[in-house]
Amino acid sequence: LDPAKTYAGRELPDLPPDALRTELERLPCCAADDEGAAEGDPLNIVLIGNSDDVLNSLSRSGWSFTHRITLKSVRREIGAAVAGNAYPVAPVSSLYVFGRKQDVALQRARHSISQRNHMRLWLAPFRFEGRSVWVGQVSRDIGVKLTPKSPTLTTHVIDPEVDTTREYLLHSLIGHGFVERFGFVKGSAEATRLAPRHNLTGDAYQSDGLRLVVVIAPEPVAPDDIRNLMWEQSAPPIAEGQSESAKQHVQPLPAP
C-alpha cells in the first residue's frame, strides 16, 4: 500500500460536501472481476481520512491485515477450514474497482476461519477536506465452500444480510472513538430477500442499497460529539446483530 504512488502525477480534486455526495452516488454499485464484466460484492462503505488515520482506527478496532494469496497461504486456509480452526490473517480474494484490485484487505477474525468479517478498500481519485477517500466493501463470512469460480477452488460464503456488517463496522468505530461524522448515501446494490442479488461466486444477498460514509477522527471523539451528515436514513439494524441466514449451520469443507 503506497497511496502516494496510486495516483502519482495527478492532481486529485478536493470536493465540497455536496459534490462528494454526488460523486459517491455515481460510483459503481459493486466491485467487479478483473475484466470489469461482472458485478461482485456491493460497495457499501466509504472511509474518509489519510491512510495512517484510517489504518490506525481499523487496527485498534480489531481489524488485521491479510496474507497475500500464495500456495502456502491457500494450503493453510484449506487446512484451517477442514479442521475448523482460526486463521486470523487468511487471504482475501481480489475484486476490482477503478481498474485495479483492492489497495488493502483486512479482516476481523472469529474462532473459525469460516466465520469472519472482511473488508476491501480502494483509494478514490478525489479527496474531501484535504483527506483521502477510501471506497470499500465489507461483509461477514459464515462458511466456506468449493467453487470453480475461484483460482484457489475455495471461497467464503457471505451472510446475506450485508447491511448488518456495515452497521457493525460503524458501531465498532464509534465504540473506539474514531468517528467524527457519518452518514449514508445511495449508490450501492439494492436488493430484497425475495429478489436478492448475487456476488461473483453465486452467494445471494439483500441490502437497502446505501453506502455508509465515515469521516475518521484523528483524535478520540465522544459519542455525543459525533455529527450526522443527514443525507440518507438507513433501515433499522437487525436486533441481535446476526441474521437468520447466518444462524443456519454451514457445513465445512469435507476432509480430503
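## Surroundings of Met119

In this predicted model, Met119 touches Ile45, Leu58, Trp63, Val104, Ala105, Leu106, Gln137, Val138 and Leu169, where residues up to four places away in sequence are not counted.

## Nonpolar cores

Met119 is also one of the residues with the most contacts inside the largest nonpolar core, a set of 29 residues in which Leu47, Leu58, Leu121, Leu173, Phe182 and Val214 are likewise named for their contacts. Two or more residues of this core come from each of several elements, among them helix 3 (51-60) and helix 5 (162-175), together with strands including strand 4 (45-48), strand 8 (104-109), strand 9 (116-128), strand 10 (131-146) and strand 12 (179-191). The element that gives the most is strand 15, with four residues.

Apart from this set there is a second, separate core of 20 residues, which includes Leu43, Val46, Phe126 and Val215. As a general background, nonpolar side chains in soluble globular proteins tend to be buried together.

## The aromatic pair

A search of the whole structure for aromatic pairs finds one. Phe182 and Phe184 form this pair, and their rings are arranged edge-to-face, with 6.4 Å from centre to centre and 90° between the planes. Both partners, Phe182 and Phe184, are buried, and Phe182 is among the residues with the most contacts inside the largest nonpolar core.

## Positive phi in two loops

Most residues other than glycine have a negative phi. Phe98, however, has a positive phi, near 55°, and lies in the loop between strand 6 (96-97) and strand 7 (100-101).

## Cysteines

A disulfide is a covalent bond between the sulfur atoms of two cysteines, and a search of the whole structure finds zero disulfides. Cys29 has a relative accessibility of 15% and therefore counts as buried, since the value is under 20%. Cys30 is buried as well, with a relative accessible area of 6%.

Conventions: Residues are numbered from 1 along each chain as its sequence is written. This is a predicted model: local features need pLDDT of at least 70, side-chain atom pairs count only at pLDDT 80 or more; totals for chains, interfaces and linings use all residues. Side-chain values use heavy atoms; hydrogens and water are left out. Rings of Phe, Tyr and Trp (its six-membered ring) pair if their centres lie within 6.5 Å; planes under 30 degrees apart count as stacked, over 60 as edge-to-face and the rest as tilted. Buried means under 20% relative accessible area, exposed over 50%, partly exposed in between (1.4 Å probe, protein chains only). A nonpolar core is a set of buried Ala, Val, Leu, Ile, Met, Phe, Trp, Tyr and Cys residues joined through side-chain atoms within 4.5 Å. Contact means heavy atoms within 4.5 Å. A disulfide is a pair of cysteine sulfur atoms within 2.5 Å.
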